[in-house]
Amino acid sequence: MDEFLHITEHVLEHSVADTFYLIPILFVTYVVMEWLEHKTGSKAQEAVQRAGAAGPIVGALVGVVPQCGFSAVAATLWAGRVITFGTFFAVLLSTSDEMLPIFIAEQAPLSTILKILGVKIMIGMVMGFAADAMLRLMRRDNEKLRIHEICAQDNCHCTDGCETCHDHPELVYEHADDCCSGCTHEHHHHDHAHDAGWKPILKSALIHTIQITIFIFVITVVLNAILEVVGEDVLGDFLSSNQLLAIFGAALIGLIPNCAPSIVIAQLYMEGVLGAGAMLSGLLVSAGIGLLVLVRTNRRPLQNVIIIALLYGTGVFWGLLVNFLGITF
């Protein structure tokens with residue numbers, strides 16, 4: 001019984017630490033998105049999308065900062081189509097999560113750290129631009145902002161006063177002008193933020209933040225409980241069993257939306273158990289809780305599965321390439 005209580009306390013402690021530091025980051029993100037929804041017209045929306053053409057560069061550079069909060073922000077922004085998919089993908093690939101602190105704690109050579117970070121940034125940029133280019137060729141790069149759609153699916157009441165919009169949120173996206181022409185909120189034709197101040201924006205952002213935080217916390221508790229029972233040693237044994245298979249295994253484990261995979265992979269690499277290819281494949285897909293936020297905010301299951309599969313395939317591809325070329329860091 002004492003052991004169970006100890007495990008429970010440990011799991012809850014880590015889950016709180018893994019989740020609640022994201023609250024201010026998520027809140028600010030939703031405030032910005034709500035402000036965009038209230039203040040920008042079609043010309044401003046087009047400007048945001050045009051500016052996003054170079055987004056993979058910024059995404060790769062921002063994502064490499066040692067925390068997974070940016071991947072959560074990027075997932076939210078892409079679900080609202082504020083940034084391009086390439087920008088979001090670049091963030092996922094460059095996100096370092098707990099890698100950098102582990103390398104520093106293990107006194108890894110500065111040259112090694114810079115090489116790994118540089119490669120992650122480069123891959124993030126390359127794959128981000130490639131993804132955007134592919135979408136342009138497929139003529140699927142011209143999507144409208146979906147901030148309002150996220151609001152409708154979360155029932156944050158930002159469409160209160162417009163029965164048609166509230167009951168048929170799909171109309172907001174497809175026929176916004178007709179749907180909201182008589183609404184008291186009037187996202188597209190009426191500056192609600194100007195008339196009522198920041199209260200509706202902050203209220204909606206707060207509701208979104210609470211909902212996403214609860215979702216992340218529950219999933220994180222489950223994952224931490226599993227890792228606590230299974231043990232990180234089991235992950236280490238699995239990854240070190242075969243160097244070639246380790247590339248596939250490391251990428252698979254890296255998909256776990258938790259900080260533990262990046263810690264295990266970085267430590268095993270420093271101990272010489274994992275090769276450069278396996279290390280890179282695992283760390284490329286270790287996007288922290290970004291994938292959780294993606295699943296929660298982008299309510300298109302098939303699309304999410306494709307993105308996760310694409311992320312996994314990218315990690316494996318670059319891991320195999322590094323292994324084949326005999327590259328070391």
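The face of helix H1 turned away from its buried side carries the exposed residues Asp2, His6, Glu9 and Glu13, where exposed denotes a relative accessible area over 50%, buried one under 20%, and partly exposed the range in between, computed with a 1.4 Å probe on protein chains only. The buried residues of this helix are Val11, Ser15, Asp18 and Thr19; seen down the axis of H1, these buried residues fall within an arc of 85°, so they line one face of the helix, the arc being that of the directions from the helix axis to the C-beta atoms. In an α-helix there are 3.6 residues a turn, so residues three or four places apart point the same way. H1 comprises residues 2-20, and its 19 residues reach 27 Å from the first C-alpha to the last, close to the 27 Å expected at 1.5 Å a residue, the expected span being 1.5 Å times one less than the number of residues.

The structure is a predicted model, in which local features need pLDDT of at least 70 and side-chain atom pairs count only at pLDDT 80 or more, whereas totals for chains, interfaces and linings use all residues. Residues are numbered from 1 along each chain as its sequence is written, and side-chain values use heavy atoms, with hydrogens and water left out. The chain averages a pLDDT of 76, and 74% of the residues score at least 70, pLDDT being the predictor's confidence in each residue on a scale from 0 to 100. Over residues 159-196 pLDDT stays under 50, and for these residues the model has 53 contacts beyond four places in sequence, a contact being defined by heavy atoms within 4.5 Å.

The secondary structure comes to 20 helices and zero strands, both taken as DSSP runs numbered from the N terminus (helices H or I, at least four residues; strands E, at least two). Of the 329 residues in the chain, 49% are buried, and residues 24 or more positions apart account for 83% of the contacts with a separation of 6 or more. The largest nonpolar core has 68 residues, of which Phe88, Phe103, Ile216 and Leu311 touch the most other members; such a core is a set of buried Ala, Val, Leu, Ile, Met, Phe, Trp, Tyr and Cys residues joined through side-chain atoms within 4.5 Å. Leaving aside neighbours within four places in sequence, Phe103 is in contact with Ala108, Ile113, Ile116, Ala266, Tyr269, Met270 and Leu283.

Two further helices were examined for span and burial. The twelve residues of H16 (residues 243-254) should span 16 Å at 1.5 Å a residue, which agrees with end C-alpha atoms 16 Å apart, and in this helix Ala246, Ile247, Gly249, Ala250, Ala251, Ile253 and Gly254 are buried. Just after H20, Gly326 takes a positive phi of about 70°.

Aromatic pairs were assigned to rings of Phe, Tyr and Trp (its six-membered ring) with centres within 6.5 Å, planes under 30 degrees apart counting as stacked, over 60 as edge-to-face and the rest as tilted. By this rule the count comes to six aromatic pairs. Phe317 and Trp318 form an edge-to-face pair, with 5.5 Å from centre to centre and 80° between the planes; Phe317 is partly exposed at 48% relative accessibility, whereas Trp318 is buried, with a relative accessible area of 14%. Ring pairs also link Trp78, Phe85, Phe88 and Phe89 into a cluster.

Arg81 lies in the loop between helix H5 (69-79) and helix H6 (85-94) and counts as buried at 4% relative accessibility. Phi of Arg81 is near 60°, a positive value in a residue other than glycine; most residues other than glycine have a negative phi.

Gly290, in helix H19 (residues 290-297), is buried with a relative accessible area of 0%. Not counting residues up to four places away in sequence, Gly290 touches Ser71, Ala72 and Ala75, and the C-alpha atoms of Gly290 and Ala75 are 6.1 Å apart in space although the two residues are 215 residues apart in sequence.
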